[in-house]
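Open the viewer and keep the selection panel at hand. The stops below tell you what to pick next.

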Amino acid sequence: MAATLERSIGFVLALLVGGTTSFQLYKDWGSTGLDNQVTKLLLGLMAFGCILVVLAAVGVLGGG
Amino acid sequence: MAVSSLNSTHEAVHARYEAVDSLYRETRDLRLLGFVLFLISDVVLFTMFIFAYLYLRNSVPNWPPINKDGVQLPRFDVAFACVNSCILFGSGATMHFAMESWKHLKKAEFNLWMIATIVLGIMFLGGQAYEYSHVPITWAGSTLGGSFFTLTGLHGFHVFVGVIYLITLYIQANNGTYTGSKYFGLTAGTLYWHFVDVIWVALFYLFYLM
């Protein structure tokens, strides 16, 4: 029961954070400069992390 | 240049960013390069430990392995890790908002997002401490325990240092250390915090999903 609740919370939070991060990445896509390029790379990887959390929350990854 | 009259657009942010003397611009670029190189060196550090973990993992027939007492070790709790990961990723998003708020001269918003980031960072550390106290393995009992505590401990230390760093930046920003044009410390702090988030992506996959 607790695990299901945690997975549900994780799923919702990951969608929220992943969506926000992806939108920020889209918004800043045209920005230039080393700091912005590194930030975009790191935001992209963070969005990827959110996808992993979503897949784990629904049981596709991490042994269900 | 009447920078203050420009509205809060990307052009205005860029104009403010460039509205510094040449010496500051040059040292800012060099410091930025140096900081990125520092982050790359930290990536190398984590990569070494990750490869050691993968080597140990592939040197036993089954994973999770059995410990020194012959007991089969369980998998880690994915559900709890999902929530804790989202807390850390969420802190990355709030840090990004804090940086954008500062660039757009919205100090009140900056303060709110910074506090949110610091609180989320502390929450992640609390979650990590909770997991450490409940996980059924020890540092010395198995290769899994040794790898897990070493890598997540190293990451946790980075998060702890990051929280101290963010608190320092928050105080500095409110004491007038940074301006709308000169805010390299905040840029470096943002990059560091994003880096800490991204390292967790790798650790989350390696220990909980793989």
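**Stop 1: chain A.** Keep in mind that this is a predicted model. Select chain A and colour it by secondary structure. Of the 64 residues in chain A, 38% count as buried. Now display its contacts. Among those with a separation of 6 or more, 65% join residues 24 or more positions apart.

**Stop 2: the contact between the chains.** Bring chain B back. The contact takes 29 residues from chain A and 28 residues from chain B.

**Stop 3: the core.** Select the largest nonpolar core, which has 64 residues. Val53(A), Cys82(B) and Cys86(B) have the most contacts inside it. Chain A gives two or more residues from each of helix H1 (2-27) and helix H2 (34-57). From chain B, the helices that do so are H2 (22-58), H3 (78-103), H4 (107-134), H5 (143-174) and H6 (184-209). The largest share, 16 residues, comes from H3(B). In soluble globular proteins, nonpolar side chains tend to be buried together.

Zoom in on Cys82(B). Leaving out residues up to four places away in sequence, Cys82(B) touches Glu6(A), Arg7(A), Gly10(A), Val53(A), Ala56(A) and Ala57(A).

**Stop 4: H2(B).** Select H2(B), a helix of 37 residues. From first C-alpha to last, H2(B) reaches 53 Å, close to the 54 Å expected at 1.5 Å a residue. Show Phe35(B), Leu39(B) and Tyr53(B): these residues of H2(B) are buried. The cover over the buried residues of H2(B) includes H5 and H6 of chain B.

**Stop 5: Val198(B).** Move to helix H6 of chain B and pick Val198(B). Is Val198(B) buried or exposed? Val198(B) counts as buried because 22 other C-beta atoms lie within 10 Å, and the cut-off is 20 or more. Its contacts, not counting residues up to four places away in sequence, are Leu42(A), Leu45(A) and Met46(A). Finish with a distance: the C-alpha atoms of Val198(B) and Ala98(B) are separated by 18 Å. Along the chain, Val198(B) and Ala98(B) are 100 residues apart.

Conventions
Residues are numbered from 1 along each chain as its sequence is written. Chains are lettered from A and ligands numbered from 1 in the order in which they are written. This is a predicted model: local features need pLDDT of at least 70, side-chain atom pairs count only at pLDDT 80 or more; totals for chains, interfaces and linings use all residues. A nonpolar core is a set of buried Ala, Val, Leu, Ile, Met, Phe, Trp, Tyr and Cys residues joined through C-beta atoms within 7 Å. A residue is buried if 20 or more other C-beta atoms lie within 10 Å of its own, exposed if 12 or fewer, and partly exposed in between; C-beta atoms are placed from the backbone. Helices (H or I, at least four residues) and strands (E, at least two) are DSSP runs, numbered from the N terminus. Two residues are in contact if their C-beta atoms, placed from the backbone, lie within 7 Å. The expected span of a helix is 1.5 Å times one less than its number of residues.
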